[in-house]
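Here is a short report on one protein chain. Keep the structure in view as you read.

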Amino acid sequence: MCKKVINIKNKIKKFDKKIYVDGDKSISIRWALFSSQAIGKSVAHNFPKSEDVINTLKCLQKLGIKIKFINKNCEIIGRGINGFNYKKNIVLNAGNSGTLGRLILSLLIKSPYKIKITGDKSLSKRDFSRVINPLKRIGANFYPKNKEKLPIFIKGSELLRPINYFEERGSAQCKSCVMLASLNTPGEIVIKAKKSRNHTENIFNFLKIPIKIRKNKKFDFIRVKKPQLIQSFNVKIPGDISSSAFFIVLTLLSKNSKIIIKNVNVNSTRIGVIKILNKMGAKIKLKNIKYKYGEKCADIFVKSRQNLKSINCPTNLNSSAIDEFLILFLCAAKAKGVSYFKDISELNQKESPRLKIGSQILKMMGIKVKVNDNSIKIYGNPNLDLKKKYVVKNNLQDHRVLMMSVIAALSFGGDWRIFNPSSVNTSFPSFFKLIRYLGGNLN
Ligand code: S3P
């Protein structure tokens with residue numbers, strides 16, 4: 001979709017469909033980064049062509065990695081740990097992706113040359129000190145000194161040392177960044193991490209890279225060591241739960257509708273959205289559960305629900321729903337009672353300040369909210385039925401702001417103009433095709 005704006009004037013009619021969503025972004029980026037460090041050919045089936053993932057491949061190609069697409073399969077010829085082959089003065093553009101921009105730094109901590117890392121307007125506003133600081137302690141160098149945002153330069157070192165690291169945000173990007181640094185660092189890196197998605201740990205285990213994990217209720221204690229080598233590995237990328245969430249909520253909020261979303265990654269560290277919605281009365285079911293390459297996958301079954309309840313959202317679910325709050329806010333807007341989401345300041349550190357922008361969209365819809373930098377109270381209206389004109393500018397081109405707005409328009413009615421629709425390509429290129437397949441009217 002290359003239009004500047006889409007118009008939506010009608011709610012979606014009832015639907016009963018089975019869909020597949022694009023492959024999981026977190027897993028795809030990680031697979032590509034690890035494959036580049038493996039020896040020989042790795043293949044990922046059902047590889048998504050979302051922009052964040054494609055930018056990962058482009059960065060790896062600049063680092064001398066050979067990559068081929070054969071239909072929906074991606075082949076990477078790894079050159080072994082720190083086997084990159086590149087000239088001086090290369091620039092790696094991470095585009096919109098915090099995961100790529102942050103994680104790739106860990107693979108460059110031995111780089112003999114300065115490498116420039118850039119990103120788009122949104123990524124250039126985001127904090128990188130959260131990964132620069134631990135990587136500096138390990139021995140990497142960053143320029144200009146004390147700069148905390150992109151563009152930055154990284155130069156590696158031959159004198160790397162292991163660290164003890166406390167990850168206190170519940171950020172999988174920070175945790176993964178330090179874990180990945182162990183591929184090049186002698187000794188043992190020790191991490192105490194607040195709970196967050198564990199795809200990196202799963203890949204370490206799957207590839208038999210030395211890792212020990214001990215868990216208590218709040219923290220994971222992780223010890224990682226440099227492997228001798230990494231074997232190449234093949235995977236089939238499952239559907240992305242973060243993309244599925246938009247269709248789960250569309251189904252819940254529409255009348256007399258049903259959906260089955262096939263083969264989605266339902267790793268327990270990712271399904272906060274399902275747990276939260278089920279606490280609100282959604283009755284979402286997971287069936288045909290399978291374990292593939294260390295990750296849990298299932299089909300997701302959802303039916304319309306007219307009587308969602310409000311929620312005082314337990315903070316221990318925050319990290320596992322971190323990318324889904326915007327879409328959850330729409331359910332809270334239609335639920336009976338006041339919903340409360342707290343300790344979510346990290347939302348304002350995403351592709352756009354999502355807590356701020358999400359609350360502005362709710363207010364525009366006539367929903368009462370009380371919001372500050374860390375929490376939001378949403379006063380639900382079970383009779384929500386929109387009739388006015390609504391405009392979403394989406395200046396930072398945040399893919400999830402865009403998709404939230406589309407789902408609001410199709411669920412609640414009104415006359416919507418939503419700008420920058422091509423931002424969906426960041427994570428979910430088939431979003432609009434699927435909306436049309438369900439019967440959604442977009443112009
Ligand atoms: C991601 C982790 C999350 C998430 C992002 C992807 C990952 O960020 O918001 O979309 O793949 O590790 P944080 O870990 O910084 O919260």
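N263 sits in strand β15, residues 258-265. Strands here are DSSP runs of E with at least two residues, helices are runs of H or I with at least four, and both are numbered from the N terminus. Phi of N263 is near 50°, a positive value in a residue other than glycine. N263 is buried, because 20 C-beta neighbours fall inside 10 Å. A residue counts as buried with 20 or more other C-beta atoms within 10 Å of its own, as exposed with 12 or fewer, and as partly exposed in between; the C-beta atoms are placed from the backbone.

N71 also has phi near 50°, again positive and again not a glycine. Its place is the loop between β4 (66-70) and β5 (73-79). N71 is exposed, with 8 other C-beta atoms within 10 Å.

## Source of the model

This is a predicted model: local features need pLDDT of at least 70, side-chain atom pairs count only at pLDDT 80 or more, and totals for chains, interfaces and linings use all residues. Residues are numbered from 1 along each chain as its sequence is written.

## The whole chain

The chain has 12 helices and 22 strands. Its radius of gyration is 21 Å, close to the 22 Å that the globule rule gives for 443 residues, so the chain is as compact as a globular protein of that length. The radius is taken over C-alpha atoms, and the rule is 2.2 Å times the number of residues to the power 0.38. The C-alpha trace spans about 65 × 45 × 40 Å along its principal axes. Of the 443 residues, 52% count as buried.

The domain assignment gives domain 1 (5-23 + 238-438) and domain 2 (25-229). Such bounds come from an automatic or database assignment. The C-alpha centres of the two domains lie 29 Å apart. In all, 24 residues of domain 1 are in contact with 25 residues of domain 2. Contact means C-beta atoms, placed from the backbone, within 7 Å.

Where does the ligand lie relative to domain 1 and domain 2? Both domains give residues to the shell around the ligand, so it lies between them. The shell includes S26, T99, R197, D323 and E346. Helix α5 (residues 172-181) gives the largest share, 3 residues.

The largest nonpolar core has 75 residues. A core is a set of buried Ala, Val, Leu, Ile, Met, Phe, Trp, Tyr and Cys residues joined through C-beta atoms within 7 Å. V249, L330, C331 and I407 have the most contacts inside this core. Its largest share, 10 residues, comes from helix α11 (residues 399-412). Apart from this core lies another, of 60 residues, among them A44, V178, I191 and I209.

Look at C331 next. Leaving out residues up to four places away in sequence, C331 touches V249, L252, L253, L277, M280 and L308.

## Two cis peptide bonds

The bond from Y143 to P144 is cis, with omega near -10°. The bond from L150 to P151 is cis, with omega near -5°. P144 is in the loop between β8 (141-143) and β9 (152-155). P151 is in the loop between β8 and β9.

Methods: Near = placed C-beta within 6 Å. Contact = placed C-beta atoms within 7 Å.
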